[in-house]
Amino acid sequence: MAISVQASSCRDTKPYQDARAIIEELGRIVAPNGVQESYKTRIGGIEQWLNVRGQDKANPMILFVHGGPASPAMPSIWQFQRPIEEYFTVVNWDQRGAGKTFSETEPESISDTIHIERFVDDAIELAEFLRKRYHKEKIILMGHSWGTIIGFKAALKRPELFHAYVGIGQVINTRDNERISFEYGLAQAKAHGNTEAIKALEAIAPYPGEQPITRERIIVARTWPQHYGGLTAFRDNSTYYYRAPLLSPEYQADDVCAINKGNVFTLGRVLPEFLDVDFKPITKFPIPVVMFMGRHDYTTPSEPTASWLKNVDAPYKQAVWFERSAHMVPWEEPGKTLISLLSYVRPLAMAKPE
């Protein structure tokens, strides 16, 4: 779960229009059997936005469940996704309360629906829609960060819809993740003699502890682990990601502005449920499971995921470590992301049923 400590601002995208046009033209899919569509469709009782891209409609389809909550991937896919589109058709989805979906929805009309299980049911309904529209027997389900909670639960609930599940920055136990991230940030602050960080972190200690885990405490706890490379490895910031929507051909100024608004709207409503997430008791997984884990991830730490994967019973399981990544694996190591999808995931979708 990547709660933003750097918010996307409501900036005018007009000064970036020439650059946006270049990116749009470069990304235009002209292959005769390709697909490039952005549209909204009714999922879970509301209109939700989809982006579908691929060089060959015959390729396996990936449904990418973005992080956040309410941090859509659609406005930054131009940074890493094009090579993947040569081997997969990729569907990006702005979830309820996120991005373009949020900007076209009256917030109070969905306020009571912001629950994890509603997101899970949305993902399942969307998977069924995609299978029918694009003539796929099954699809690949891939989640990132917050999206791994939705994806994991959807795979458990309706395994027959999916070839495999791929978790990137997988959440296993929220409180474990918060504790490990906090401990890393404090240790780094002490190692670097950062008195400002030490003071801020010790002010919320013990963390998470027994006190309520508020958005304000989470932001303090995340700021310093991210400063020390826990969001993007070896970087003290991730502005390349937060500013990506300004150059996105898919997002206009209002859509960019909606990112932060949707994040604030969603987090407050879903936080209590998020804090109770615990997949450690899950010892059997019904479909092939592949975990992409950043070695330096201290936003959603990887060690709990590695431990869970080692012990789970699944038809197929694979751990893939990304040694030069933290939490933003597809952005940080796009080449290895593609190679890993081709090595461990595409064969699962291409295998003929026995």
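**View 1. Leu63 and its contacts.** Leaving aside neighbours within four places in sequence, Leu63 is in contact (heavy atoms within 4.5 Å) with Val91, Trp93, Ala123, Leu126, Leu130, Ile139, Ile140, Leu141 and Met142. The model shown here and in the other views is predicted, so local features need pLDDT of at least 70 and side-chain atom pairs count only at pLDDT 80 or more, while totals for chains, interfaces and linings use all residues. Residues are numbered from 1 along each chain as its sequence is written, and side-chain values use heavy atoms, with hydrogens and water left out.

**View 2. The nonpolar cores.** A nonpolar core is a set of buried Ala, Val, Leu, Ile, Met, Phe, Trp, Tyr and Cys residues joined through side-chain atoms within 4.5 Å, where buried means under 20% relative accessible area, exposed means over 50% and partly exposed lies in between, with a 1.4 Å probe and protein chains only. The largest nonpolar core has 68 residues, and those with the most contacts inside it are Leu63, Leu130, Leu141, Ile149, Tyr165, Phe285 and Trp308. Helix α4 (residues 116–133) gives the largest share of this core, eight residues. A second, separate core has 26 residues, among them Phe88, Val166, Val320 and Trp331.

**View 3. Helices α6 and α8.** The axes of helix α6 (residues 174–191) and helix α8 (residues 215–230) come within 8 Å and cross at roughly 55°. This makes α6 oblique to α8, since angles under 35 degrees count as roughly parallel, over 145 as roughly antiparallel, 65 to 115 as roughly perpendicular and the rest as oblique. Helices (H or I, at least four residues) and strands (E, at least two) are DSSP runs, numbered from the N terminus. On the α6 side, the residues that meet α8 include Phe182, Tyr184 and Gln188, and their partners in α8 include Ile218, Trp224 and Tyr228.

**View 4. The loop between β3 and β4.** Pro69 is found in the loop between β3 (61–65) and β4 (89–94), and the peptide bond from Gly68 to Pro69 is cis, with omega near 10°. Ala70 is found in the loop between β3 and β4 as well, and phi of Ala70 is near 65°, a positive value in a residue other than glycine. At 2% relative accessibility, Ala70 counts as buried.

**View 5. His135 in its loop.** His135, in the loop between α4 and β5 (139–144), has a positive phi near 60° although it is a residue other than glycine. With a relative accessible area of 71%, His135 is exposed.

Methods
Axes are lines fitted to C-alpha atoms, for helices over the stretch in contact, and angles run from 0 to 180 degrees between N-to-C directions.
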